[in-house]
Amino acid sequence: MTLLGDAAHLMVPSGDGANLAMLDGAELGRALAAHPDDVEAALAAHERDLFAHGAEAAAEGADVFRLVARDDDAPAGLLAMFTGAAA
């Protein structure tokens, strides 16, 4: 089984779901094209890439969640991030 998009990235919502879904689909297509006679090799290559960018997106999502809901000064930290002001 291969999961794409939001199904493959269990994390707090950070607005990256559609972006990750499109990236996952493109990377899966690229992996299948690179291994046209070996679906298992294509899926293994895809999963290596998926885990790398998924971990990065999860870390960014956790940062956004902290700014929105967890910090004592939330959502001031989020506003500072968007405006470039020091939090």
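Helices (H or I, at least four residues) and strands (E, at least two) are DSSP runs, numbered from the N terminus. The model shown is predicted: local features need pLDDT of at least 70, side-chain atom pairs count only at pLDDT 80 or more, and totals for chains, interfaces and linings use all residues. Residues are numbered from 1 along each chain as its sequence is written, and side-chain values use heavy atoms, with hydrogens and water left out.

Figure 1. Along the sequence the pattern reads α-α-α. Of the 87 residues, 23% count as buried, where buried means under 20% relative accessible area, exposed means over 50%, and partly exposed lies in between (1.4 Å probe, protein chains only). The mean pLDDT, the predictor's confidence in each residue on a scale from 0 to 100, is 80 for the chain, and 82% of its residues reach 70 or more. Among the elements, α1 has the highest mean pLDDT (86) and α3 the lowest (79).

**Figure 2. Glutamate 27 lies in helix α1, which spans residues 17-34.** This glutamate is buried yet has no salt bridge, a term for a side-chain nitrogen of Lys or Arg within 4 Å of a carboxyl oxygen of Asp or Glu. The nearest side chain of opposite charge belongs to arginine 30, 4.8 Å away; in this scheme Lys and Arg count as positive and Asp and Glu as negative, while His and the chain ends are not counted. When neighbours within four places in sequence are left aside, glutamate 27 is in contact (heavy atoms within 4.5 Å) with His46, Asp49, Leu50 and His53.

**Figure 3. Helix α3 (residues 76-83) has buried residues, namely Gly77, Leu78 and Ala80.** These residues lie on the same side of α3 because they cover an arc of only 160° around the axis; the arc is that of the directions from the helix axis to the C-beta atoms. On the other side of α3, Leu79, Phe82 and Thr83 are exposed. The cover over the buried residues of α3 includes α2 (39-70).

Figure 4. Between glycine 77 and valine 64 the C-alpha to C-alpha distance is 9.2 Å, and the two are 13 residues apart in sequence.
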